[in-house]
Amino acid sequence: MESKLKLGVLSIMMLALCACTVPTNSSSEDKHSSSIEEPLSSETESSQSSNETSSTGGSSSNSSSSSSSSENPSSSSSSEPSSSSSSESSSSSSSSTNDNDFNGYYATITDNMSGATLLSALKTIISKNISVSYDWSRYEDADEAMDDPTCITTIYSRENLKKTAHVGSSQTPGQWNREHTFPQSKLDGNSKSDNHIIFASDYKVNGTRSNKVLGMVEHTSKNQVKDAYGNLTQCYTTSSLFEPVDIAKGKTARATMYASVLYDLSITDNISSVQLCLEWNISYAPGTEDARRNDAVFKNQKNRNPFTDHPEYACRIWGNTNSATKTVCGIN
């Protein structure tokens, strides 16, 4: 009897060692909660960029526009960078980017840059010395769970899964895959292995997203996405659109803009409109998880996602695209 009891205790201990903790942004009752990651505090932001202010081309007063109606992926909205104008300059960030900003990484960016000029300057910066790799270790490092170094956090279903649980030929619940937030079918060359574009994902949700355009979907039980365990996530899908959980909306928007700058890709090839991309960037601002991920990718890949460090750059580049983007970014 005593030996059986010892075996039972040992089994429980082994299970505990193998299990990952629930992500901190989810409640213990619902690991698929749509809770939003806290944005970086002003204290943290000031330590990263001492002279950055909160006055950007994308005013926070317009963040409520993210709850707009469903987007049409066939929208004619262009993702070409908007041209600079006096009205844009007056509503753009007045922050001073200097040599102390991320160790001088953005030292060549000046406050009067906007539109294609700013896009070109950022491309010059982030295209230097890139070292991409599709090795699993890169993604284990980038998406390491904030509260458990043995696990990764999946981008869409917000599960913590073991780092070593890579998806294989025999797919089983608890495994994860490398999700191209900008679909792999639309990429080539280095972009197919770029860590700023690729995130850890539950393999089932990854397959459900496939190469669908990201956009707003009606929240019905029919459209709600399930993970590999059969649990409901806070993602929704149709035959042509995929709406990620709220916390992933900002992440996918900034990954899309990064891909647009570095690889000359169109925003609307991945998100249903430039307006929605800007809305998600503003409404779901970068938080501590995003900052940690950017640092981890920089360590391995040697470049940064500028829209994680400076989300205000988005409106300075694309804010003048059309009347809708001007409204989102607070441009008169």
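Predicted model: local features only at pLDDT ≥ 70, side-chain atom pairs only at ≥ 80, totals over all residues.
Residues are numbered from 1 along each chain as its sequence is written, and side-chain values use heavy atoms, with hydrogens and water left out.

1. The disulfide. A search of the whole structure turns up 1 disulfide, the term meaning a pair of cysteine sulfur atoms within 2.5 Å. It is formed by C315 and C329, whose sulfur atoms are 1.9 Å apart. The angle about the S-S bond is -80 degrees, and the link is left-handed. C315 belongs to helix α11 (residues 313-318) and C329 to helix α12 (residues 323-329), 14 residues apart. Helices here are DSSP runs of H or I with at least four residues, strands are runs of E with at least two, and both are numbered from the N terminus.

2. Another cysteine to look at. C277 is in no disulfide, and the nearest cysteine sulfur, that of C315, is 9.9 Å away. C277 counts as buried, at 0% relative accessibility.

3. Aromatic pairs. Rings of Phe, Tyr and Trp (its six-membered ring) pair if their centres lie within 6.5 Å; planes under 30 degrees apart are called stacked, over 60 edge-to-face, and the rest tilted. That rule gives 8 aromatic pairs. One of them is Y134 with Y139, edge-to-face at 6.0 Å centre to centre and 70 degrees between the planes. Y134 is partly exposed at 30% relative accessibility, whereas Y139 is buried at 0%. Elsewhere, ring pairs join F102, Y105, Y106, F298 and Y313 into a cluster.

4. The tryptophans. W136 and W176 also pair edge-to-face, with 5.0 Å between centres and 85 degrees between planes. W136 sits in helix α5 (residues 136-142) and W176 in strand β4 (residues 176-180), so this pair ties together parts 40 residues apart in sequence. Both W136 and W176 are buried.

5. Charges over rings. What sits over the ring of W136? The charged end of R178 does, 3.7 Å from the ring centre. Likewise, the charged end of R293 sits over the ring of F199, 3.6 Å from its centre. To qualify, NZ of Lys or CZ of Arg must be within 6 Å of the ring centre and within 35 degrees of the ring normal.

6. A142 and its neighbours. A142 lies in helix α5 and is buried, with a relative accessible area of 2%. Leaving aside residues up to four places away in sequence, A142 touches N195, R292, R293, A296 and V297, where contact means heavy atoms within 4.5 Å. A142 and R292 are 150 residues apart along the chain, yet their C-alpha atoms are separated by 8.0 Å.

7. Helix α7. This helix covers residues 246-263, 18 residues in total, and reaches 26 Å from its first C-alpha to its last, close to the expected 26 Å. The expected span is 1.5 Å times one less than the number of residues. Helix α7 is mostly covered, with 17 of its 18 residues buried. Just after α7, D264 takes a positive phi of about 55 degrees.

Technical notes
Buried < 20%, exposed > 50% of the residue type's maximum accessible area, 1.4 Å probe, protein only.
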